[in-house]
Amino acid sequence: MNAQTSLLHTARWQSLEFVFWALAFASPWVLAQHALIINEIAIVALFAVSLDLVLGYTGIVSLGHAAFLGFGAYSAALFAKHIHPDPLLGLAVGMSAATLLGAVCSLSIMRGSDLTRLMVTLGTALILLELANKFSDLTGGADGLQGVIMGPLLGRFEFDLMGQTSAWYSLAVLWVLFVLARRLVHAPLGATLKAIRDNRLRAMAIGIPVTARLVVVYTVAAGIAGAAGALMAQTTGFASLDVFAMDRSADVMLMLVIGGVGWLYGGIAGAVAFKLMYDVIANITPQYWTFWMGLFLVVLVLVGRERLIRPWHWFSTSARRGGAS
Amino acid sequence: MLTLLFDGVAYGMLLFILAVGLCVTMGLMNFINLAHGAFAMLGGYVTVVLMQRHGVPFLVCLPLAFLASAAVGVLLERTLYRPMYKKPHLDQVLFSIGLAFMAVASADYFMGSQQQIMQLPDWLRGRTELFADTPFVLGMGHYRLFIIAVCAALTIGLQYVLSATRFGSRLRASVDDARAASGLGINVNVVFAATFAVGSGLAGLGGALGAEVLGLDPTFPLKFMVYFLIVVAVGGTSSITGPLLAALLLGIADVAGKYYIPKLGAFIVYALMIAILIWRPQGLYVRQGGKS
């Protein structure tokens, strides 16, 4: 097998992936009573895929990814409330708003160490939270933006209380954006991103325009996160301040880590695992579930997250660690 | 006006004491510790419990808070933190967030989720006004005056230890380049364990002092984590003057911002931080030549 075919081989769709997506699309129909939670999982999975582009593929530690989720959610909700109730138009508006914000914010992650990036991304989300709180006549402030009524999807499918329409809608958007992200990371652009993650200096030395690549990936990821936010606002008919909260950013990072970073299915697997785990733990101890979550994190890191989750992928991270030192 | 400045300075000094340990550990081991606030919370709870339930005088509680946090700090450093130093930053962030979560839930479990109320001794209550009849009225709460005095003494002490003692020069050498320092025969591990203990102890002391000003409830580590990190990120990790300046700036900006534009609240602080970090990504004070 020569180099080209082996490269193409990793990028090709595997049969297991088809099975996975077929199962995913069948799930709202088979598990009709759990359609609402399937919808939720699809949305957070989309959010996790977006963070994976930034964190897993490019190595930017971001604690403020909720900024884009929240911005997309509020844009879509406001658009539906004041301009037009069509969901797809709202989705486009939410995505483009978040994409614009991402392009602006990408200026802030160019320089500095991991700590600086962490603080700047966190600060961005907190600023948006403060602004949403301040302009309460537009956003509803701490009460949240209520009274968002969505029109039927494609003019035909009403959003029902069972959540089946929502689940299929979110799954479809997840699928489309996932295919896009998958194409992106297997394209030469994705290879340069991984090069930047592994060793920024060497990437620069072989002629990769690091700054431009960072802008592109951050903007795209922001757009995807905005889509997740728009879906969230549309399917719940509600947008509240907590979409900007730090918990969201921390949760999504946790999901990604559970599923495995630098692997697009990691975001989806992590979202499923996280939601199920959350349900189980919160049922046992509703008040102290953060303790077990924290313990899980500590143990996960101490044991080594690669070994615990993806034993067959350990070599890719060891290469990264060697490059980063 | 001057009162605001005074309150801001007191607040800033408090933040400095809380965050200085974080600066040193971050500079020394390049370790992002988001659980630092948990040590401060521990100090606060130790003080509250000792004072309310056992009637220990306030001035005795402060050193005890320091010792308790330092002991827990050194214990955790030896057992849990040590394997983390060589890991990537993402692992460190996850690990320390996990610790902070556990601290929050444990405090909730043992102490209850309500805000703890601190009974100050009588001589610390009250307020003195200077220039009362002029436009520049300066109202000084006695407790805030006490905080400023304690923190200023601690700062001078720290500066002296860092710049004039043998331990200080070892510490500075280790911060600049741990490998070269250990090559010169400095036991970096011991230096680091001692620093970590003192840093957590200072956080505990800050938590004890600040319980009345900042409020003490189980979400303390997460609520103030952002502030500590701002101090470290803006101030830089190579000296203690940088964090001191950053803490004072943050304290004054926060108090003034909340007074003049109450609805925007913390907006000013975050905007200021982002502006400074875009302008100088490594912090305000970076010594040239040190290994970043």
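Start by selecting A:L184, A:V185 and A:H186 in α8(A), which meet A:P188, A:L189, A:G190, A:A191 and A:K194 in α9(A). Contact here means heavy atoms within 4.5 Å, and helices (H or I, at least four residues) are DSSP runs numbered from the N terminus. Helix α8 of chain A covers residues 164-186 and helix α9 of chain A residues 188-198; they pack at an angle of about 70°, with their axes 4 Å apart. Axes are lines fitted to C-alpha atoms, for helices over the stretch in contact, with angles running from 0 to 180 degrees between N-to-C directions. That makes α8(A) roughly perpendicular to α9(A), a label given to angles of 65 to 115 degrees. By class, this contact of α8(A) with α9(A) has five nonpolar, two polar and one charged residues. Nonpolar covers Ala, Val, Leu, Ile, Met, Phe, Trp, Tyr, Cys and Pro, charged covers Asp, Glu, Lys and Arg, and the others, Gly among them, are polar.

Before you move on, note that this is a predicted model, in which local features need pLDDT of at least 70 and side-chain atom pairs count only at pLDDT 80 or more, while totals for chains, interfaces and linings use all residues. Residues are numbered from 1 along each chain as its sequence is written, chains are lettered from A and ligands numbered from 1 in the order in which they are written, and side-chain values use heavy atoms, with hydrogens and water left out.

The term means a side-chain nitrogen of Lys or Arg within 4 Å of a carboxyl oxygen of Asp or Glu. A:R182 lies in helix α8 of chain A and A:E17 in helix α2 (residues 15-30) of chain A, so the pair ties together parts that are 165 residues apart in sequence. Over all chains, the structure holds seven salt bridges.

Next, show helix α3 (residues 35-56) and helix α12 (residues 246-259) of chain A, whose axes come within 9 Å and cross at roughly 80°. That makes α3(A) roughly perpendicular to α12(A). On α3(A), highlight A:V44, A:F47, A:A48, A:L51, A:D52 and A:L55; on α12(A), their partners in the contact are A:R248, A:V252, A:M253, A:M255 and A:L256. These residues divide into nine nonpolar, no polar and two charged.

Now switch to chain B and select helix α1 (residues 2-29) with α9(B); the axes come within 8 Å and cross at roughly 70°. The contact includes B:Y11, B:L15 and B:M26 of α1(B), along with B:F224, B:Y227 and B:V232 of α9(B). By class there are 13 nonpolar, no polar and no charged residues.

Finally, display both chains. The contact takes 44 residues from chain B and 39 residues from chain A. About 3800 Å² is buried between them, 78% of it from carbon and sulfur atoms; buried area is the accessible area (1.4 Å probe) that two parts lose on being put together, summed over both. Color B:L90, B:L94 and B:M102, which supply 16% of the area that chain B buries against chain A, more than any other three residues. How many salt bridges are there between chain B and chain A? The count is zero.

Methods. Helices (H or I, at least four residues) and strands (E, at least two) are DSSP runs, numbered from the N terminus. Angles under 35 degrees count as roughly parallel, over 145 as roughly antiparallel, 65 to 115 as roughly perpendicular and the rest as oblique.
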